[in-house]
Amino acid sequence: MSYLSISNVTKQFGDTVVVDNFNLDVEKGEFVSFLGPSGCGKTTTLRMVAGFEIPTSGKILLDGADITDKAPNQRNVGMIFQSYALFPNMTVAQNIGFGLRVRKEPEDTIKQRVDEMVGLINLEKHADKYPYQLSGGQQQRVSLARALANRPQVLLLDEPLSALDAKIRVSLRAEIRAIQRSLGITAIFVTHDQEEALSISDRIVVMNTGEMEQVGTPFEIYNFPKTRFVANFVGSLNTSDAEVIDPAKGLVSMDGVQFEAAEGTNGRTKGDKVKIAIRPERLSFASEQKKANVVDCTIENITFLGSVVRIQVKIGNSKFNMDTFNNPFLELPKIGAKEQVTCSKEAVLVLDE
Amino acid sequence: MASTQDGKVAEMNMLARIRRIPFWSWFWFILGALYFILPLYATLKFSLGMERDVIGFKAYGRAFEDPEFLSTFLYSNVLALMTIIASIVLIVPTAYWIRLRLPEARRIVEFITLLPFVVPAIILVFGLIRIYSSPINVPFTEMTLLQPLTTFEVGTDILIVAGYVVLGLPYMYRSVDTGMRTVDVRTLTEAAQSLGASWFTIIVRVILPNIRAALLSGALLTFAIVVGEVTLASFLGVPTFGPYLFLLGQHRAYEPAALSFASFLLTWAAMGLIQLFTGGQGQVSGAH
């Protein structure tokens, strides 16, 4: 039996269904991210696990115990908020020790645990400071330490990095992941940032309009999206209308240009309208060795993005982006030049129209 | 040497800033200041002139020597303290719950808190006397639920404190509500809940300390209202400072002026305390 089990959970606000029949099993020590656009129900699901919302139907089990209707202060669940939610009237040490004081732990234990937590987040020198004297990143680290001080069964993180600048976000997410791994704590992380979810999670739950679109490892989600929404939402994607011309061979036609796909045409018939999708980094200029999916194109635009150069090519009537790693010896084609691009069969995703 | 020069530079900068303030800003500021200061000055000057051709504190001495002054003043202070405690107990959880769970009730509650501006104190006191001067029975029975409150001292004190809570309602509610607006009540509550805190702990250890300045402002206003209140105290026959000052004014000239000025000083002292407690920021340290 899984450590955290969310079974058939539905949440309605009036007539609006915000979360629809959500099912998820999370193993102990696993880091799961809820990824989706605003209003997809990811935060509501997290809040139901925290106890701030009660499901309209369904059950939530934590380590075998039914916590569906339990008050938030009766669940041993730690929560981290986007706005840090540190108590402004308390110092860093007092914030971290708050939960332990509420539990009426002995002062010695509180002091020892607070010292341990302050060390964990490397803020030993700031223990006596008030939240307003800290930077956003430091405040969020204190919030993490405060949530962990109580040794919660599950750590819930509600877009904890959204209010921080890009550099801090990257370093703090690595820090959160390292701490989570070292403590072996089960964590659920809510984000709308796909890069964040891909980089930090054991598994990702992609959500859309209150429903789960796909659950899988970051590798599966990125490389094998099961729905058009997932394919579009996670990573950049070139998409275009196409038509199945030979389901057995996986052939599809886009504006008369043929592509061979490894998967996605099974169960379809000749003439079916589909979408083909290719990630920009899976396209490359054709060389002698590559024979599959070699198509003619015209260079439309070239954008320098630092580590990557994005080349826009026109294939048939569709414009596709092609990403290639930047290096000082890269020979870039001229705009308007006629070239050939290629991609593997596996790179061609055939999705419902 | 360097610090002297720095001081001079700072002084010059300040003078330059003052010179940059437009004429009409100065005009309205001085007019406003005079409006407040002149009556105070007149009261002070009058209170110091009890002895002919001598400026002295005789009126103050006389006023403070009167045992009635001390007893009524202390009594009013105790009532003010009771009123402030009752107001906090009633208003803080109400404002908190409205902000947290019942935002749609805010308009109704705000309307109720404004009623003391519409219903004069005289109406309030007659209402209180009318209802609580006879025993209150359990509906449809002869069983007495509540003895007439106006017939014994503690009962009358309860009545007057209840009346003062109503009179102070607009000020205390607005202060508390404004204070709660400056902190993210909902998220702080959820954070505290997730750490195992009960509602009581949340209010006492998280919410109250973060609206300390607002509470002090509300308490000060309530204090000022209670100490100077005459109508409720007179009609309920409670020996407080307000009716004492009123009676004194009918028989003496200089002492009431002295006591009025002393009351102003007391109010300023209270405002100073707020500044002291809040570090001059009007908000607790950390609530940024």
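In this predicted model, helix H13(B) gives eight residues to the lining of the largest pocket, which is the largest share of that lining. The pocket has a volume of about 430 Å³, and 21 residues line it, with Ala224(B), Ser260(B), Ser263(B), Phe264(B) and Thr267(B) lying nearest its centre. The elements of chain B that supply two or more residues to this lining are helix H2 (23–47), helix H10 (212–228), helix H12 (241–251) and helix H13 (254–278). Sorted by class, the lining holds 16 nonpolar and five polar residues, while charged residues are absent from it.

We can now turn to the contact between the chains, to which chain A brings 23 residues and chain B brings 22 residues. About 2,000 Å² is buried between chain A and chain B, and carbon and sulfur atoms give 63% of this area. On the side of chain A, Asn73(A), Pro88(A) and Tyr132(A) together supply 26% of the area that this chain buries against chain B, more than any other three residues.

Which two residues meet in a salt bridge? The side chains that do so are those of Arg47(A) and Glu190(B), at 2.6 Å from N to O, and one salt bridge is found across this interface. The count of residue pairs in polar contact between the two chains is five. Strand S6 (77–80), helix H2 (92–102) and helix H4 (136–149) of chain A are the elements that give two or more residues to the side touching chain B, and the largest share of that side, four residues, comes from H2(A). By class, this side of chain A comprises 15 nonpolar, five polar and three charged residues.

Definitions and conventions: Residues numbered from 1 in each chain as written. Chains lettered and ligands numbered in written order. Predicted model: local features only at pLDDT ≥ 70, side-chain atom pairs only at ≥ 80, totals over all residues. Heavy atoms only, no water. Contact = heavy atoms within 4.5 Å. Buried area = accessible area lost by both parts, 1.4 Å probe. Salt bridge = Lys/Arg side-chain N within 4 Å of Asp/Glu carboxyl O. Polar contact = N/O pair within 3.5 Å; in protein donor to acceptor, adjacent residues only side chain to side chain. Nonpolar A, V, L, I, M, F, W, Y, C, P; charged D, E, K, R; others polar. 1 Å grid on protein atoms, 1.4 Å probe; cavity = no way out; pocket = protein on both sides within 12 Å on 5 of 7 lines; lining within 4 Å. Points joined across faces, edges and corners; volume = space filled by probe spheres on them.
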